[in-house]
Amino acid sequence: MMSNKIAALAAMVGLGIALASAPAKAEENFGPPELIAAAKAEGKLVYYTANFAEVEQQVIKEFNKRFPEIKVEMVRAPGGQLITRVKTEAAAGKLIADVVDHSDRALMSELVDLFQDYAPPNAADYNPEAQISPKLWPRATLVWSIAYNTELVKDPPKTWRDLTKMQYDKQIGQVFAQSGGTTWTRIMFERQVLGEDYWAKQAATHPILYPSGAPTSDALVRGEIAIAPLLYNAIYPKQKEGAPIKIFFPPEGAPVNPYATGIPKTAAHPNAAKLFLNWCLSKEGQTFMIKELGNLTSLKEAPVYPEGFDPKVVKAWYPKFDEYVKLHTDWVAQWDKTFGYRQ
Amino acid sequence: MADAQLLDRRIEVAQSGVEGRRRNVLAGAWIALLLAILAFLVIYPVLTLLLGALTDTNPVVDGLSLSHLSIGNFLTVLSNPNVAEALFNTLVACGGGTAIAVVIGLLFSWIVVRTNTPFRGFIAAASILPLFAPPLVAGVAWSILGSPKTGLINTVFKWAGLEWRVDFYSLWGLVFVFGIYYAPYVYMFTSSALRNMDPSLEEAAEISGASAFSTLFTVTFPLIMPAIVSGMLLSFIVMLGIYGVPAVLGAPANINVLTTYIFKLTNWSPPLYNTAAAVAIILMVVTGALVYLQQKVLSGRSYTTVAGKAFRPRSLDLGPWRWLTFALGFLYLFVVVVLPMLALIVAAFRKFMFIRDAAALFDMRAYSLMHFNAIFDNPLTLRSIYNAVEVGIITAVVGGALAFAIGYTIHRTRLPGRRSIDLISTIPVAIPGLVVGVAYLWAWIGIPGGLYGTIWILALAFIARFMPDTVKALSTSFMQIHRELEEAAWVCGKGTLATIGTIVLPLARPGVIASMTLLFVLAIRELGSSLFLYTSNTMVMSVLLLDYYEGGNIGKTAAFSLVQTLLLAVLIGGANWLSRGAAQGGVVQGIK
């Protein structure tokens, strides 16, 4: 009860600060006035994303609070299908997207030629490690955490290595390796940081495999599984709504997957696209995504951290991009074998 | 319209019987036109798909080149033990499902047509209700009910102190759900056959001393065997192509069937479309073999159950047993409609689906409208409903007209080339929706004139994909109308178009309206081929539903499923009501 009251008080104070600082924020640079005027004249943009539609709908809504004149039309598809669509449309000369937003930087690196030069006003504030091309920007930066169902787990794990304990036999859910860039980052982290034998030990606890983070988090809430490594942004909204879930960032490190987002050369609404990305990459946009959606940021100085993420304790872990590309096929095949996942 | 006029002219000329050559030219033009439409809708996309399966390239990105041609994809696929396992699972799930479907379908058609069971009309309606449930919705509902850990059925068993537990995350779960949901296909075929059967043979058997039971198995069922075989194969083929049910129930236990395997291939990073195309070709071969088998079994037999003699189908007096058959009907309705609807209602109104025990199920504090508020807060929801209805109507009208033209040409004319038309219009039944979506994308994106990005590309894909279903559904109506009625009109000097207008269309009207309604429902439900063809402006309900499901929100998925089900019920009810009015109007006009 006490902590609730404190939280409520803190929220009110936070709101007060936010309101008080609103005029100051208006001065944040979203682009030169001519760009904003041109974007408003275009009036819309088409946004292709591999992120979940529901999450991106919230981003669009927030963007529209600042720029209500610009309508964002979204096409959402899972990673593999989105890439096929972009490639096919581009080859036929019918790429409709004004912004392409993708979680797998390796897949995007093959398409760099489709994109135009673009940099946000605060380009210098970004961590260069998060970028694979000067044209593609880490609009969203996702971070892994471990979550458990408080109704089912009385003796919760505290570290990544705890997930190999036999006491959690058949209780853990996992996203399989082949699913895309974010999961690939996690399994790379597991092998490179937690040890060569981590996969085998984890596999020995008979985890249930899911095709992506969303069904995993749903299964966790329903109690189909009790514990799962999850992208923080896939489970945080459920905790916020009151689901019986606790989330923590393990001390060994938190694997981080920056997106690659760019504006195609063929964009029909380039100014609206630039303004949208400028806003998403701005301190205001990133702060919104951290606080409301549970993202991290690739800004060198994070404006805030998600709840429970203490940068002094938890170290964000970025994969080396050359290894990210080079090791993928072999390691995923080995992972499949270790976990008995049938390709 | 142009088609109809052409046909009209052809027939007028044929009637005059003077200018034989000109008649041939026009007949040839009509066949050529149909073949051209089919080439665009079916052949061209299938060829792109075949090319995709035989190369390692994207036909649009890398151009249509034959330089990379190899059977490498097929070899990879065939040598992969997991494909063999997926194929095995597919055959078990669909085979078992078909067995259940045949038992249920046959039982209910017998109950409805041949017995004096009370509330038969109600049982008849219940028997086709599952057709309206999108497979993904059925899968989600049964995972809420039948999950081994959190399923409501197990929760209730535990509450009742029973030791029983069910596990629907298994091959048997798949078999059961397939069986109960696809029984209507068997029902539709067998009930009309039973209704149209001359009962004199059954009477003969009974006079000779056979019991009602043995008459059923030695006379009745053998007589309607063609209908049983057709219904059986159709339900098997439909199950082969279903993605939603095995995706939800198979995934937690790592059970793959061919469709989920194909979906995985397209969804992996990087996606393996060419391999997916190769797996799809395997699926097509299996389906093709079944269609061939069906033709083989049915060829050389007479379907004639409708003779020139008037009769009234017998109705068996079951005595007190009629309450047992009624209870069976009610049980089916309960399992296939009431239980899943309850599951969806619980999921849609509950904040979270964590249910500790049966008592928690009735804790009203856990219920709210938050999922409905969330989905209607999303501007995509209303747009997707609007788009889905628009696509559904276009598909139903255009597809219905095309199917009528094709069906009439196949069954009512002796034009050369009609067999090829029959064959080509059957091909799409064999291609899984997901793969056909890629094929249409590859085939049609390059067409000048901006087809891509409009509602029409979706509608065309649905028209092509469901052509076999519509043509087959309409064919039944054509077969039921005796030629002599048409001939009478011809003798009276009416042209072919006039004959179609005054004889065929009014008589086939219930069939035409039923086919169009079916097409509308299928178009609204269709997911696989929509996935690649929709754009920001043309998002449809099924895609948004998958999005909610993949977004991991079972509450929103269930809420949107309820909205979709309600909408379908209202639209179909409305269409039914309208068509009834129209049919009566037609009859009245006919009498005047």
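Reply: Let us begin with secondary structure, where helices (H or I, at least four residues) and strands (E, at least two) are DSSP runs, numbered from the N terminus. Read in this way, chain B comes to 27 helices and zero strands. Please keep in mind that this is a predicted model, in which local features need pLDDT of at least 70 and side-chain atom pairs count only at pLDDT 80 or more, while totals for chains, interfaces and linings use all residues. Residues are numbered from 1 along each chain as its sequence is written, and chains are lettered from A and ligands numbered from 1 in the order in which they are written.

Me: How should I read a pair of packed helices, and at what angle do the axes of H4 and H5 of chain B cross?

Reply: Two packed helices are described by the angle between their axes and the distance between the axes. Axes are lines fitted to C-alpha atoms, for helices over the stretch in contact, and angles run from 0 to 180 degrees between N-to-C directions. In chain B, the axes of helix H4 (residues 81-114) and helix H5 (residues 120-128) come within 9 Å and cross at roughly 150°. H4(B) and H5(B) are therefore roughly antiparallel to each other, a term for angles over 145 degrees, whereas those under 35 count as roughly parallel, 65 to 115 as roughly perpendicular and the rest as oblique.

Me: Which residues make the contact between H4(B) and H5(B)?

Reply: Two residues are in contact if their C-beta atoms, placed from the backbone, lie within 7 Å. On the H4(B) side these are B:Phe108, B:Ile111 and B:Val112, and H5(B) brings B:Arg120, B:Ile123, B:Ala124 and B:Ser127. Sorted by class, the contact has five nonpolar, one polar and one charged residues, where Ala, Val, Leu, Ile, Met, Phe, Trp, Tyr, Cys and Pro count as nonpolar, Asp, Glu, Lys and Arg as charged, and the others, Gly among them, as polar.

Me: How many residues of chain A are in contact with chain B?

Reply: The contact rule applies between chains too, and here 49 residues of chain A are in contact with 42 residues of chain B. The largest share of the chain A side, ten residues, comes from H4(A), and that side divides into 20 nonpolar, 15 polar and 14 charged residues.

Me: Into which domains is chain B divided?

Reply: Domain bounds come from an automatic or database domain assignment. For chain B it gives domain 1 (91-271 + 326-354) and domain 2 (369-592), whose centres, taken over C-alpha atoms, are separated by 23 Å. Their contact takes 21 residues from domain 1 of chain B and 25 residues from domain 2 of chain B. Helix H6 (135-146), helix H13 (258-267) and helix H15 (322-349) of chain B are the elements that give two or more residues to the domain 1 side.

Me: Is A:Gly213 buried or exposed?

Reply: A residue is buried if 20 or more other C-beta atoms lie within 10 Å of its own, exposed if 12 or fewer, and partly exposed in between, with C-beta atoms placed from the backbone. A:Gly213, which lies in helix H8 of chain A, counts as buried because it has 28 C-beta neighbours inside 10 Å. Not counting residues up to four places away in sequence, A:Gly213 touches A:Val175, A:Leu230, A:Leu231 and A:Ala234. For chain B as a whole, buried residues make up 48% of the 592 residues.
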